[in-house]
Amino acid sequence: MLHKRWKDYTDDEIREIDAEKCSKCKYKFVTRVINYKKEYGCGYILSTGFRRECRPEDCEYYKEP
């Protein structure tokens with residue numbers, strides 16, 4: 001875990017996690033588009049009905065088939 005609270009992550013840290021893990025994940029979805037820039041979120045809970053029990057940088061759900 002890089003930080004205790006999500007708000008303490010820098011934009012660069014979030015982009016790095018996204019590039020390494022989330023970009024390959026079937027649960028990633030667009031939350032909104034502002035000025036042609038997309039913002040993404042994790043849809044794990046929406047798809048499974050369960051909360052993801054790990055931090056984004058520790059997540060392994062992107063490896064699911």
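Residues are numbered from 1 along each chain as its sequence is written, and side-chain values use heavy atoms, with hydrogens and water left out. Because the model is predicted, local features need pLDDT of at least 70 and side-chain atom pairs count only at pLDDT 80 or more, while totals for chains, interfaces and linings use all residues.

**Cysteines**

The structure holds zero disulfides, a disulfide being a pair of cysteine sulfur atoms within 2.5 Å. The sulfur of cysteine 22 has its closest cysteine sulfur in cysteine 25, at 6.6 Å, which is too far for a bond. Cysteine 59 is likewise in no disulfide, and the nearest cysteine sulfur, that of cysteine 54, is 4.0 Å away.

**Accessibility**

The table gives relative accessibility, where buried means under 20% relative accessible area, exposed over 50% and partly exposed in between (1.4 Å probe, protein chains only).

| Residue | Relative accessibility | Class |
|---|---|---|
| Cysteine 22 | 26% | partly exposed |
| Cysteine 59 | 9% | buried |
| Tryptophan 6 | 41% | partly exposed |
| Tyrosine 9 | 6% | buried |
| Tyrosine 44 | 10% | buried |
| Tyrosine 61 | 24% | partly exposed |

**Lysine 21**

Lysine 21 is found in the loop between helix 1 and strand 1 (28-34); helices (H or I, at least four residues) and strands (E, at least two) are DSSP runs, numbered from the N terminus. Lysine 21 is buried, with a relative accessible area of 6%. Beyond its neighbours within four places in sequence, lysine 21 is in contact (heavy atoms within 4.5 Å) with Pro56, Glu57, Asp58, Cys59, Glu60 and Tyr62.

**Aromatic pairs**

Rings of Phe, Tyr and Trp (its six-membered ring) pair if their centres lie within 6.5 Å; planes under 30 degrees apart count as stacked, over 60 as edge-to-face and the rest as tilted. The count by this rule is three aromatic pairs. In one of them, tryptophan 6 and tyrosine 9 have ring centres 4.7 Å apart and planes at 35 degrees, so the pair is tilted. Tyrosine 44 and tyrosine 61 also form a tilted pair, because their ring centres are 4.2 Å apart and their planes are at 35 degrees. Tyrosine 44 lies in helix 2 (residues 44-48) and tyrosine 61 in the segment after helix 2, so this pair ties together parts that are 17 residues apart in sequence. Ring pairs link Tyr27, Tyr44 and Tyr61 into a cluster.
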